[in-house]
Amino acid sequence: MGALPTTQKERWQRGALAGLLAGILASLLMLLLSLTMGSISLPEALGSAIAQSLPLPVFDYLHTLLGGDAKHYLFYIILVGQCLVFALFGGLCNLLADRLNFGQWRDEQGDLNYSVGLMLAFILWLFSGLIFLPLTGSGIFGAQLVTGALNTMFSLAITGIVYGLLFIFLHNRLTWRLLRRTASPDQETAEALESKRIERRSLIRNSLVVLGLGTLGVAAWRFITGSSGGTASTADPQLQSNLLNKYQQKISPPPQPTYGEWQEVPGLSSEVTSNAQFYGVSKNLLSDPSVKGDDWQLMVDGLVSQPFTMSYKELLALPMHKQYESMMCISNEVGGSYMSNALWEGISLKDLLERAGTIKPGATKVVLYAADSYSDSIHLAKALEPTTMVAIKMNGETLPTSHGYPARLLVPGIYGMKHVKWITRIQVVNTDYQGYWQQNGWSDPAPIKMTSRIDTPTYGSKVSAGKQAYIAGVAFSGNKGISQVEVSVDGGKSWQKANLRRPLSALTWVLWELPWQPQAGSYSIVVRATDLQGNVQNPKIAPPLPDGSSGYHTIPITVS
Ligand SMILES: Nc1nc2c(c(=O)[nH]1)N[C@H]1C(S)=C(S)[C@@H](COP(=O)(O)O)O[C@H]1N2
Ligand SMILES: [Mo]
């Protein structure tokens, strides 16, 4: 060794620190490439694999604990993990550079040669392409991903090389600083150096502690405040038994809806949700696919006599129709916000299938594949309903990227999960295909469970006594309509009929309102809906998993 006497421990620390810094920068680059070029992001690949392989109860628990943010936390945790792996590689490399000292890897000063960085990059490249990615189910060099193996090889190589070279650069900088300090003993004594190092180590330890506590804190806060704001009140067993006792499953003949004079009520959802306000859900941890309309092709194949492929332009030229339809995510809690309404425009799926000739005997399902490796299936009968369509416009605008540009499925009556976004292929099959979420235990037929939500007053809010107020919200049954909405202010003992607003179509939610001029006191507001067939909303509390939540939205209110 040259002028710099260093211990193994010091070499390990210097390597790990340089590896960590280089790793953070390389990770940022990877995210940047992923966002701009749609290339691989390793944390995303791992995160998806974890999210998909979690046992159901764990998944459900995390979901209630962290709400819709769960996937973001998972992503950040894995990202931190990736940086630590980079640090580990850096530390090991710095140790091994001396152990396997054939070649000129280190010079007199203790500096590492840049060829070591390139070698490190190559090892990392092989490791992630041949071992890591196949383990996450993405195939060798991500061959199973939409990105494809070539793009992945390329972007992993870039990230690896940037990491390797930065690592050497930073390592040598650290060595050089150390060298300069030891070379001038009057400036920095060994003791000062030692305390510097301890300082640095405790800095790292403190950051980790802060990070860990922060994560725990957020989780705890979420747990205390409840995952999605006001959900059905499980806290009151008396209320629950009241509701279940007097529960009448079906009213026959069904009530006739009455649409009275409509009053605008502040705080009530707007009937049509703007594209920006429309709820968004996707399996993708970081970035949704950004598909280019020009390159995009839609393939219709499987058990059809004339499979075909068409461009975006050709699709736009087909006859289209408009329909209002509300959507709801299967993971929506009672009273939750994963529910919205829009005017959609597109081509009916039946028309598209007819262009592919005749459907061969034995066909049972239609599978929809998407640009983000998501897929789901619907039954053939459902596919042929006139309201099932491939939508390309939303509220009069080209479908936004986050909602599935260039084309998404709309399939009224069943949960949002089946409304596949970024469609690339429609395949008629004779198998019982199970889609992305079904592989995780979520319902396959997934019919929407009727639900109703109180938008105003809000959970725990204060209402002034003797003043004219409104209780108002939305009710939704998928494609079965709403015949009546009843509101109780005494926890379900007595009910009043709310005024309904005439819905924009048979497939949308229905806005409801009830004037209310309360005396001072405590109230428990409950809402329930009935569909046009007379089915009454189910009061039995159920979590979203596996086939959608049920229960009555209940809100405690203090009037003073
Ligand atoms: N390709 C693809 N389609 C998808 C998803 C997805 O992750 N990938 N998520 C589904 C789920 S769970 C829901 S609730 C809806 C949400 O659609 P939105 O974001 O337009 O509201 O899209 C569905 N379609
Ligand atoms: Mo969903």
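View 1. A polar side-chain atom of aspartate 372 sits 2.8 Å from a nitrogen atom of ligand 1, which counts as a polar contact (a pair of N or O atoms within 3.5 Å). Histidine 403 also brings in a polar side-chain atom, 2.6 Å from an oxygen atom of the ligand. Tyrosine 279 uses a backbone N or O atom instead, 2.6 Å from a ligand oxygen atom. On its own, ligand 1 exposes 530 Å², and the protein buries 99% of that (Shrake-Rupley areas, 1.4 Å probe).

This is a predicted model, where local features need pLDDT of at least 70 and side-chain atom pairs count only at pLDDT 80 or more, while totals for chains, interfaces and linings use all residues. Residues are numbered from 1 along each chain, chains are lettered from A and ligands numbered from 1 as written, and side-chain values use heavy atoms, with hydrogens and water left out.

**View 2. The shell around ligand 1.** There are 20 residues around the ligand, and Tyr279, Lys283, His403, Arg408 and Lys421 come nearest (a residue is near if one of its heavy atoms lies within 4 Å). Sort the shell by class and you get 11 nonpolar, 5 polar and 4 charged residues.

View 3. In α8 (residues 237–245), Leu239, Gln240, Asn242 and Leu243 are buried (under 20% relative accessible area; exposed is over 50%). They share one side of α8 because they cover an arc of only 160° around the axis. Pro237, Gln238 and Asn245 are exposed on the face turned away from that buried side. Among the elements covering the buried residues are β18 (521–530) and β19 (554–559).

Terms used:
A polar contact is a pair of N or O atoms within 3.5 Å; within protein, one must be able to donate a hydrogen and the other to accept it, and residues adjacent in sequence count only if both atoms are side-chain atoms. Ala, Val, Leu, Ile, Met, Phe, Trp, Tyr, Cys and Pro count as nonpolar, Asp, Glu, Lys and Arg as charged, and the others, Gly among them, as polar. Buried means under 20% relative accessible area, exposed over 50%, partly exposed in between (1.4 Å probe, protein chains only). Helices (H or I, at least four residues) and strands (E, at least two) are DSSP runs, numbered from the N terminus. The arc is that of the directions from the helix axis to the C-beta atoms. Contact means heavy atoms within 4.5 Å.
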